[in-house]
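Trainee: Before we look at anything in detail, could you take me through this structure one feature at a time, giving the general idea and then the case at hand?

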Amino acid sequence: MRGDARSMKVVRPGTATEAIELTARFDGAVPLAGGTDFMVSWNAGEANGLTVIDLSRLSSWRRIREAGRTLRVGSLATHWQLQSHDVVRRRFPLLAQACATIGGRQIQTRGTIGGNIANASPAGDTFPPLLVYDARVRLVSSARRRGMAIRDVFVGVKRTALERGELIESIDLPYHRSPSRALFRKVGTRKASAISKTVAAGLLWLRRDGRIRELRFALGSMAVTARRLETVESFLRGKKPTRRVVDEAVSLLERDVDPIDDLRSTARYRLEVSRNLLRSFLL
């Protein structure tokens with residue numbers, strides 16, 4: 001263990017206003033939510049000398065509530081809260097399913113949705129569901145408050161488009177009509193407590209004549225960021241998902257992702273699995 005707590009400064013704001021003020025005052029400070037990823041860094045000695053802003057006392061940021069035509073999820077809501085919440089399970093089941101795959105019970109009761117987003121791992125299991133649900137992230141700082149589409153948040157491995165001094169306050173999930181089909185699938189080395197080799201989420205709406213009204217399909221752990229298959233979605237809109245059409249759509253998948261080789265898997269395997277997931281979902 002190389003973490004040295006004596007070298008760190010930890011502040012614990014009691015309100016959201018205080019948290020925003022402290023984040024502005026301590027430039028470069030690290031916000032701490034559930035800490036499930038941060039503690040790995042601390043154990044490796046990578047957090048020594050840092051100022052940490054512990055957000056755990058901000059109870060208002062743990063709430064999940066309706067806000068007009070959206071479900072507003074506080075950034076400190078845990079994966080356990082989300083998978084157990086009646087509205088999330090009923091209206092956003094892919095997110096509930098994703099949260100149930102993240103680590104074991106201990107991680108799920110500590111890890112938060114906001115921390116998951118801020119960590120920006122390419123293998124984040126919640127990201128494909130958030131992408132197909134068109135989630136928006138609400139950001140706050142001492143200078144302003146703004147919203148950002150989830151697809152614009154991730155810019156690289158462990159990198160986001162958040163500006164210095166910004167905190168994730170909540171995530172908005174717009175309500176949508178019930179899809180004809182829905183999919184969440186995580187492919188890992190094991191069935192539990194595994195980091196994804198590939199993770200997929202899909203929503204499909206069909207017209208009465210069998211043509212595709214709308215498709216949303218997203219993949220994670222396939223590239224440096226999770227991605228929506230925008231080329232595939234556009235190609236299929238208005239078409240009947242016949243085998244020939246689906247085969248052509250599957251051939252377009254590579255235009256939207258750039259599969260990677262890493263310790264968990266190969267680009268070739270990821271691409272083949274993702275093609276199979278998309279094909280089986282559409283057919």
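Mentor: Helices (H or I, at least four residues) and strands (E, at least two) are DSSP runs, numbered from the N terminus, and two strands pair if DSSP finds at least two bridges between them. Please keep in mind that this is a predicted model, in which local features need pLDDT of at least 70 and side-chain atom pairs count only at pLDDT 80 or more, while totals for chains, interfaces and linings use all residues. Residues are numbered from 1 along each chain as its sequence is written, and side-chain values use heavy atoms, with hydrogens and water left out.

Trainee: Which residue stands opposite Ile64 in E5, and which residue in the hairpin of E4 and E5 takes a positive phi?

Mentor: Strands of a sheet pair through backbone hydrogen bonds, either parallel or antiparallel. Here Ile64 faces Val73 in E5, and in the hairpin, which has two residues between the strands, Gly68 has a positive phi near 70°.

Trainee: Where is Asp134, which has a positive phi although it is not a glycine?

Mentor: Asp134, with a phi of about 55°, sits in the loop between helix H8 (127-132) and E6. Asp134 counts as partly exposed because its relative accessibility is 31%, given that buried means under 20% relative accessible area, exposed over 50%, and partly exposed in between (1.4 Å probe, protein chains only). Lys158 also has a positive phi, of about 60°, without being a glycine; Lys158 lies in the loop between strand E8 (154-156) and strand E9 (159-160) and is partly exposed, with a relative accessible area of 47%.

Trainee: Which strands pair with E3, and do they run parallel or antiparallel?

Mentor: Strand E1 (residues 9-11) is joined to E3 by three bridges and runs parallel to it, and strand E2 (residues 30-32) is likewise joined to E3 by three bridges in the parallel sense. Lys9 has Thr51 as its bridge partner in E3, whereas Leu32 stands opposite Asp54.

Trainee: In what order do the strands of the open sheet come?

Mentor: The order is E11-E12-E13-E14, four strands with antiparallel pairing, and the edge strands are E11 and strand E14 (227-228), each of which pairs on one side only. Between E12 and E13 there are eight bridges, and Leu204 has Leu215 as its bridge partner in E13.

Trainee: What polar contact does the side chain of Lys186 make with Asp125?

Mentor: A polar contact is a pair of N or O atoms within 3.5 Å; within protein, one must be able to donate a hydrogen and the other to accept it, and residues adjacent in sequence count only if both atoms are side-chain atoms. Lys186 lies in strand E11 (residues 181-187) and counts as buried because its relative accessibility is 19%. Its side chain makes a polar contact of 2.7 Å with the side chain of Asp125, and a polar atom of the Lys186 side chain lies 3.1 Å from the backbone oxygen of Thr101.

Trainee: How many residues are in the largest nonpolar core, and which of them touch the most other members?

Mentor: A nonpolar core is a set of buried Ala, Val, Leu, Ile, Met, Phe, Trp, Tyr and Cys residues joined through side-chain atoms within 4.5 Å. The largest one has 39 residues, of which Ile117, Leu130 and Leu173 touch the most other members, and its largest share, five residues, comes from helix H5 (residues 93-99). A second, separate core of 26 residues includes Val245, Leu252, Leu278 and Phe281.
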